[in-house]
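Here is a short briefing on the structure shown below. Overall form comes before the details.

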Amino acid sequence: MALLHQIEDFFHLAVQYGVLLLECAGVAVLLATAVKSIVGYVKHNPRIRLYLAQGISLALEFKLGGEVLRTVLVREMSELLTLGLVILLRGALTLIIHWEIKTEEARMDEAAGQESPEQEKPLSRT
């Protein structure tokens, strides 16, 4: 029984470190994206909204991974319900940001298409 208890303690510790690692990765991605976005905003980069949305989306994915891993540690139903609501909220935010990314990409493609000069048609001899 003592071995089983030690294995459970090790597993609990490994999951806690995994959650911490994923949470820290999400925070690091978000901070790096924020700094690069501020620099891009100052430099008037037209793709900065797209870059920022992609960074936020990636950070949310890491945070969502941490929340899913945290479900392993849940002992009570109230904790599971709270954790489930957090996962749903982060999932919804991720979907909204992905929609924003697709919209921004379409807008950027449309703007790039309008900026390119139209090809002149060669004169035909009749």
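Is Glu67 buried or exposed? Glu67 counts as buried, at 7% relative accessibility. Buried means under 20% relative accessible area, exposed over 50% and partly exposed in between, with a 1.4 Å probe and protein chains only.

This is a predicted model: local features need pLDDT of at least 70, side-chain atom pairs count only at pLDDT 80 or more, and totals for chains, interfaces and linings use all residues. Residues are numbered from 1 along each chain as its sequence is written, and side-chain values use heavy atoms, with hydrogens and water left out.

**Overall form**

- The protein has three helices and zero strands. Helices (H or I, at least four residues) and strands (E, at least two) are DSSP runs, numbered from the N terminus.
- Along the sequence the pattern reads α-α-α. The radius of gyration is 23 Å, well over the 14 Å that the globule rule gives for 126 residues, so the protein is more spread out than a compact globule. That radius is taken over C-alpha atoms, and the rule is 2.2 Å times the number of residues to the power 0.38.
- The C-alpha trace spans about 95 × 30 × 25 Å along its principal axes.
- Of the 126 residues, 23% are buried.
- Among contacts with a separation of 6 or more, 73% join residues 24 or more positions apart. Contact means heavy atoms within 4.5 Å.

**Salt bridges**

- The count of salt bridges is nine. Each is a side-chain nitrogen of Lys or Arg within 4 Å of a carboxyl oxygen of Asp or Glu.
- Arg90 pairs with Glu23, with the closest N and O atoms 3.9 Å apart. This pair links distant parts of the chain: Arg90 lies in helix H3 and Glu23 in helix H1, 67 residues apart. Both Arg90 and Glu23 are buried.
- Glu104 and Arg49 meet at 3.2 Å, N to O. Here Glu104 of helix H3 is joined to Arg49 of helix H2, 55 residues apart. Glu104 is buried, with a relative accessible area of 3%, whereas Arg49 is partly exposed at 49%.
- Arg90 also forms a salt bridge with Glu67, at 3.0 Å from N to O. Arg90 in helix H3 and Glu67 in helix H2 are 23 residues apart. Arg90 has a relative accessible area of 18%.
- Shared partners join Glu23, Lys63, Glu67, Arg70 and Arg90 into one salt-bridge network.

**Nonpolar core**

- The largest nonpolar core holds five residues: Leu50, Ala53, Leu60, Ile97 and Ile101. Helix H2 and helix H3 (77–115) each give two or more residues to this core. H2 provides the largest share, three residues.
- Such a core is a set of buried Ala, Val, Leu, Ile, Met, Phe, Trp, Tyr and Cys residues joined through side-chain atoms within 4.5 Å.
- Ile97 touches Ala53, Ile56, Ser57 and Leu60, not counting residues up to four places away in sequence.

**Buried sites in the helices**

- Ser57 lies in helix H2 (residues 48–70). Ser57 is buried, at 5% relative accessible area. Beyond neighbours within four places in sequence, Ser57 contacts Thr94, Ile97, His98 and Ile101.
- Thr33 lies in helix H1 and is buried, with a relative accessible area of 5%. Leaving aside neighbours within four places, Thr33 contacts Tyr51, Leu52, Gly55 and Ile56.
- Gly18 belongs to helix H1 (residues 2–42) and counts as buried at 18% relative accessibility. Gly18 and Gly66 are 48 residues apart in sequence and 7.3 Å apart in space, C-alpha to C-alpha.

**Surface and loop**

- His44 sits in the loop between H1 and H2 and is exposed, at 69% relative accessibility. Phi of His44 is near 60°, a positive value in a residue other than glycine. Most residues other than glycine have a negative phi.
- Leu13 lies in helix H1 and is partly exposed, at 41% relative accessibility.
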